[in-house]
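Here is a chain to look at with some care, question by question. Each answer sets a value beside the rule that gives it a name.

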Amino acid sequence: MGSYQERLIDRFLKTGPLRNLPLANAQYAYREGRSTETALHHLVGRIETQLEAKGYAIGTFLDIEGAFNSTSNKAIKEATTRHGVPEPLVDWIEDMLTGRNPLVGYGDTAIKGKPDRGCPQEGVLSPLLWCLVNDLLENLQRKSFLTYG
């Protein structure tokens with residue numbers, strides 16, 4: 001698995017399957033032309049509108065700890081399939097995730113593992129895979145909540 005392959009797949013997903021079935025509109029993280037600053041700008045604009053109208057605003061902020069580490073391979077496979085990723089590519093992504101053999105060492109002791117969940121912390125595809133799995137924003141938007149992710 002090389003970062004070159006991941007970059008090619010990332011580009012393919014963004015210009016192929018995700019054009020037909022895009023990420024949630026409220027997804028700001030890891031998207032071109034959007035950032036946490038953009039999300040904050042939109043949020044502050046909404047709050048200012050409510051203040052000017054003598055309205056109100058209630059906010060809840062979530063930080064999902066260990067999101068990359070705890071996302072199950074099954075959830076990633078379901079999300080990529082749901083977004084129309086071709087089956088051979090879904091299988092490649094699954095192999096990439098399950099074929100890792102992390103090595104943890106301390107002193108003279110080393111332990112090799114085989115993960116059943118999680119995306120590589122430095123993986124080029126990891127942010128996009130997390131965004132595909134993240135149904136929370138879409139579910140909240142369907143219930144008319146204003147969301148920024």
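Q: At what angle do α5 and helix α7 (residues 126-133) pack, and how far apart are their axes?
A: In this predicted model, α5 and α7 pack at an angle of about 80 degrees, and their axes are 8 Å apart.

Q: Why are α5 and α7 called roughly perpendicular?
A: Angles of 65 to 115 degrees count as roughly perpendicular, and the angle here is about 80 degrees, so α5 and α7 are roughly perpendicular to each other.

Q: Which residues make the contact of α5 with α7?
A: On α5 they are Ala75, Ile76, Ala79, Thr80 and Arg82, and on α7 they are Leu129, Leu132 and Val133; by class, six are nonpolar, one is polar and one is charged.

Q: What makes α5 roughly antiparallel to α6?
A: Helix α5 (residues 73-82) and helix α6 (residues 87-98) pack at about 160 degrees, with axes 10 Å apart, and because angles over 145 degrees count as roughly antiparallel, α5 is described in that way relative to α6. The crossing of α5 and α6 is right-handed.

Q: Which residues of α5 meet which residues of α6?
A: Asn73, Ile76, Lys77, Thr80 and Thr81 of α5 meet Val90, Asp91, Ile93, Glu94, Leu97 and Thr98 of α6, and this contact has four nonpolar, four polar and three charged residues.

Q: What does the UniProt annotation say about residues 22-143?
A: The unreviewed UniProt entry annotates residues 22-143 as "domain: Reverse transcriptase", and over that stretch the chain is 48% helix and 7% strand, with the end C-alpha atoms 19 Å apart.

Definitions and conventions
Residues numbered from 1 in each chain as written. Predicted model: local features only at pLDDT ≥ 70, side-chain atom pairs only at ≥ 80, totals over all residues. Heavy atoms only, no water. Axes fitted to C-alpha atoms, helices over the stretch in contact; angles between N-to-C directions. Helix = DSSP H or I, 4+ residues; strand = E, 2+ residues; numbered from the N terminus. Parallel < 35°, antiparallel > 145°, perpendicular 65-115°, else oblique. Left-handed = near helix turned anticlockwise from the far one by under 90°. Contact = heavy atoms within 4.5 Å. Nonpolar A, V, L, I, M, F, W, Y, C, P; charged D, E, K, R; others polar. UniProt positions renumbered as here; feature names shortened; annotations may be inferred.
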